Amino acid sequence: MILGRVCFTERETMGFWTLMEGLLLFANALAILNEDRFLAPKGWTLAELHQTGKRNSLKGQIVGLIHACQYMRLPLMLFNLIVIIVKLFSG
């Protein structure tokens, strides 16, 4: 901090790589949600949305995103492995 102004170093600014890591962590969080324990009691299942016909609502879009992340678990594991390897070598 210099005379009341904030000076950011390269590590403190959010770059594209940091944004991608954050999105990967968010996708991981959605992928591990258990439908039977967490989603079904709250009514956030695809089957319930198909019965009510509210697939294009915000709730329907969120449930679709959750199921897409759960479907793509194997690519998520590969992306996680790539990020871990890059972090090991880059510091």
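Here are a few friendly notes on the structure above.

1. A word on the basis: this is a predicted model, in which local features need pLDDT of at least 70, side-chain atom pairs count only at pLDDT 80 or more, and totals for chains, interfaces and linings use all residues. Residues are numbered from 1 along each chain as its sequence is written, and side-chain values use heavy atoms, leaving out hydrogens and water.

2. The protein chain has 5 helices and 0 strands, where helices (H or I, at least four residues) and strands (E, at least two) are DSSP runs numbered from the N terminus. Along the sequence, the pattern reads α-α-α-α-α.

3. Of the 91 residues in the protein chain, 19% are buried; buried means under 20% relative accessible area, exposed over 50%, and partly exposed in between (1.4 Å probe, protein chains only).

4. Phe16 belongs to helix 1 (residues 16-31) and counts as exposed because its relative accessibility is 62%.

5. His67 sits in helix 4 (residues 58-71) and is buried, with a relative accessible area of 17%. Apart from neighbours within four places in sequence, His67 is in contact with Glu35 and Leu46 (contact means heavy atoms within 4.5 Å).

6. An unreviewed UniProt entry lists residues 14-33 and 71-90 under "transmembrane region"; such annotations may be inferred rather than shown by experiment, feature names are shortened, and positions follow the numbering used here. In the model, residues 14-33 are 80% helix and 0% strand, with end C-alpha atoms 28 Å apart. For residues 71-90, the values are 95% helix, 0% strand and 30 Å between the end C-alpha atoms.
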